[in-house]
Amino acid sequence: MSINTAPIKWAQRSDSLYITIALPDVKDESINLQNTTLKFKGKSEGRDYEVDIEFFKAVDAEGSTYKVLPRSVQMHVMKKKAKEGEEEEEEEFWPRLLKDKALEKNQVKIDWDRYVDEDEEDGGFDTSALEGGMGMGLTQGMGDMMGGMGGMGGMGGMGGMGGMGGMDMDALMKQMGDIGGGGMGDGDEPDSDDESDGDLPDLEES
């Protein structure tokens, strides 16, 4: 079975690349991003496709991510930053995506939806479509999100406030007991409690 070359679109910012493999409903994908190369294999509409390219300059595979979407496979690939003491040329705009200029003409197109001129760059890419994507060395922070939810679950400890309520009830019951023991009135007769029932109509009349 013949293997077809997958079409690629790309755009860039000074610090990153946005690469789109323009194939719908990709299945059985295999993506291997290294610091200088990208290899992709997958099936789309019953056909086998592949990509095997070498970048114009080095990238940061560990800081990059991708996601398989219904109409394409999209990747946010970080350019490799210059080491301390080196020139910052790695973060400038590239003249092309691939090291092989001839191969780029046949296989790569500009992603005009994301393209900006180097002089007009005003921010990074909108990567909202890649949220929750599978990382190429990049963890998505879902573990942190779940950990945060677990922390919220810990708020169940507020149930301990019920204990405080219990203390209030005990104090209230004690006060009620004191009232019952001391009687409603402070009369000299020890049996005033027994006579309190008889005094109730008088209280109501007044």
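## Aromatic pairs

By the ring rule used here, the count comes to three aromatic pairs. The rule takes rings of Phe, Tyr and Trp (its six-membered ring) whose centres lie within 6.5 Å, calling planes under 30 degrees apart stacked, over 60 edge-to-face and the rest tilted. One of the pairs is Tyr-18 with Phe-125, a tilted arrangement with 5.3 Å centre to centre and 55 degrees between the planes. This pair links distant parts of the chain, 107 residues apart: Tyr-18 sits in strand E3 (residues 16-21) and Phe-125 in the loop between E9 and E10. Tyr-18 counts as buried because its relative accessibility is 0%, and Phe-125 is buried too, with a relative accessible area of 11%. For these labels, buried means under 20% relative accessible area, exposed over 50%, and partly exposed in between (1.4 Å probe, protein chains only).

Trp-112 and Tyr-115 have ring centres 5.0 Å apart and planes at 65 degrees, so this pair is edge-to-face. Here Trp-112 counts as exposed, at 61% relative accessibility, while Tyr-115 counts as partly exposed, at 40%.

## Model and fold

A word on the model before going further: it is predicted, so local features need pLDDT of at least 70 and side-chain atom pairs count only at pLDDT 80 or more, while totals for chains, interfaces and linings use all residues. Residues are numbered from 1 along each chain as its sequence is written, and side-chain values use heavy atoms, with hydrogens and water left out.

The chain has four helices and 10 strands; helices (H or I, at least four residues) and strands (E, at least two) are DSSP runs, numbered from the N terminus. Read from the N terminus on, the elements run β-β-β-β-β-β-β-β-α-β-β-α-α-α. Of the 206 residues in the chain, buried residues make up 28%.

## Salt bridges

How many salt bridges does a search of the whole structure find? The search finds two, where a salt bridge is a side-chain nitrogen of Lys or Arg within 4 Å of a carboxyl oxygen of Asp or Glu. Lys-99 forms one with Glu-54, and their closest N and O atoms are 3.7 Å apart. Lys-99 lies in the loop between strand E8 (72-79) and helix H1 (101-107) and Glu-54 in strand E6 (residues 47-54), so the pair ties together parts that are 45 residues apart in sequence. Lys-99 counts as partly exposed at 48% relative accessibility, as does Glu-54 at 38%.

Asp-111 bridges to Arg-114, with the closest N and O atoms 2.7 Å apart. Asp-111 counts as buried because its relative accessibility is 1%, whereas Arg-114 is partly exposed, with a relative accessible area of 24%.

## Surface patches

Patches are made of residues with over 30% relative accessible area and no salt bridge; like charges are joined within 9 Å, and nonpolar side chains (Val, Leu, Ile, Met, Phe, Trp, Tyr) within 5 Å. Trp-112 and Tyr-115 come back here, forming a nonpolar surface patch with Ile-110 that has about 340 Å² of accessible area together. The area comes from the Shrake-Rupley method with a 1.4 Å probe, and for residues only the protein chains shown count as cover. Trp-112 lies in the loop between E9 and E10.

Glu-92, Asp-117, Glu-118, Asp-119, Glu-120 and Asp-122 gather in a surface patch of negative charge. Glu-118 is placed in the loop between strand E9 (108-110) and strand E10 (134-136), and it counts as partly exposed at 44% relative accessibility. In this scheme Lys and Arg count as positive and Asp and Glu as negative, with His and the chain ends not counted; the place of a charge is NZ of Lys, CZ of Arg, CG of Asp or CD of Glu.
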